[in-house]
Amino acid sequence: KNQVEQSPQSLIILEGKNCTLQCNYTVSPFSNLRWYKQDTGRGPVSLTIMTFSENTKSNGRYTATLDADTKQSSLHITASQLSDSASYICVVSAGGYNKLIFGAGTRLAVHP
Amino acid sequence: NAGVTQTPKFQVLKTGQSMTLQCAQDMNHNSMYWYRQDPGMGLRLIYYSASEGTTDKGEVPNGYNVSRLNKREFSLRLESAAPSQTSVYFCASSQLDPGTQYFGPGTRLLVL
């Protein structure tokens, strides 16, 4: 069964600190892996999309990594800001319109 | 350029009532999607439309119907609402299959 598991479920960090969120997946076939940011009460917003051949992709202070061999991805947030408080969702595509598998998300709270 | 818009933002229904959730995008995207998001779970695909004139079932289509009215608009209808349909509903669109998805702000539905 195709699954995407994220850890931790929730995380609290102090402003200015770094953090890393994890995503493990068992999805086949693999097309690409995405990270989304979802602010409370709003729709998800795309941060990065990585294909099989890409192992790192950055978007400002967000850096995603992909290890297709171990089927793991991480999202590293550098120098966190209060505005980073949100849920971060890992999504793996098995190819096709109906083949996006969403993780349950990691809820990040950044405190001053 | 509003992106993806959804109406209404919030709705309360009684069991057995019907309603239609509206979605429109102004990015000239070919593909549109309806998802539901429940606490502790990843987004689940209800229906999608790969292109104007086509619709297909997703992971959880029971109790819902959709209409791709034109390239811009994709509506979701609940014919006889049930408490199990209490959820947050997101519409999304993308140009490619399935490229970067752009989500609307969501409709929060409570069925009593």
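Two residues are in contact when heavy atoms lie within 4.5 Å. By that criterion, 18 residues of chain A are in contact with 21 residues of chain B in this predicted model.

**Interface of chains A and B**

- Chain A and chain B together bury about 1,600 Å², and carbon and sulfur atoms account for 59% of that area.
- A:Ala104 belongs to the loop between β10 (100-102) and β11 (106-111) of chain A.
- A:Ala104 counts as partly exposed because its relative accessibility is 47%.
- The C-alpha atoms of A:Ala104 and A:Glu5 are 7.2 Å apart in space, while the two residues are 99 apart in sequence.

**Strand β4 of chain A**

- Strand β4 of chain A spans residues 32-38 and is mostly covered, with seven of its seven residues buried.
- One side of β4(A) carries A:Asn32, A:Arg34, A:Tyr36 and A:Gln38, and the other carries A:Leu33, A:Trp35 and A:Lys37; both faces are covered, and all of these residues are buried.
- Strand β5 (residues 45-51) of chain A runs antiparallel to β4(A) and is joined to it by six bridges.
- Within this pairing, A:Ile49 of β5(A) stands opposite A:Arg34.
- β4(A) and β5(A) form a hairpin with six residues between them, and A:Gly41 in the turn has a positive phi of about 80°.
- Strand β9 (residues 86-93) of chain A is also antiparallel to β4(A), and seven bridges join the two.
- A:Cys90 in β9(A) is the bridge partner of A:Trp35.

**Surface patch on chain B**

- B:Phe10, B:Val12, B:Leu110 and B:Leu112 make a nonpolar surface patch of about 370 Å².
- One of these residues, B:Leu112, is located in the segment after β11 (107-111) of chain B.
- B:Leu112 counts as exposed because its relative accessibility is 58%, and the cut-off for that class is over 50%.

**Backbone features**

- Most residues other than glycine have a negative phi, and most peptide bonds are trans.
- In chain A, the peptide bond from A:Ser7 to A:Pro8 is cis, with omega near -10°.
- A:Pro8 is in the loop between β1 (3-7) and β2 (10-14) of chain A.
- In chain B, a cis peptide bond leads from B:Thr7 to B:Pro8, with omega near -5°.
- B:Pro8 is in the loop between β1 (4-7) and β2 (10-13) of chain B.
- A:Lys71, a residue other than glycine, has a positive phi near 60°.
- The loop that holds A:Lys71 lies between β7 (62-67) and β8 (72-77) of chain A.
- A:Lys71 has a relative accessible area of 33% and is therefore partly exposed.
- B:Asn28 is not a glycine, yet its phi is positive at about 60°.
- The loop that holds B:Asn28 lies between β3 (19-25) and β4 (31-37) of chain B.
- B:Asn28 has a relative accessible area of 51% and is therefore exposed.

Notes: Residues are numbered from 1 along each chain as its sequence is written. Chains are lettered from A and ligands numbered from 1 in the order in which they are written. This is a predicted model: local features need pLDDT of at least 70, side-chain atom pairs count only at pLDDT 80 or more; totals for chains, interfaces and linings use all residues. Side-chain values use heavy atoms; hydrogens and water are left out. Patches are made of residues with over 30% relative accessible area and no salt bridge: like charges are joined within 9 Å, nonpolar side chains (Val, Leu, Ile, Met, Phe, Trp, Tyr) within 5 Å. Accessible areas come from the Shrake-Rupley method with a 1.4 Å probe; for residues, only the protein chains shown count as cover. A salt bridge is a side-chain nitrogen of Lys or Arg within 4 Å of a carboxyl oxygen of Asp or Glu. Helices (H or I, at least four residues) and strands (E, at least two) are DSSP runs, numbered from the N terminus. Buried means under 20% relative accessible area, exposed over 50%, partly exposed in between (1.4 Å probe, protein chains only). Two strands pair if DSSP finds at least two bridges between them. Buried area is the accessible area (1.4 Å probe) that two parts lose on being put together, summed over both.
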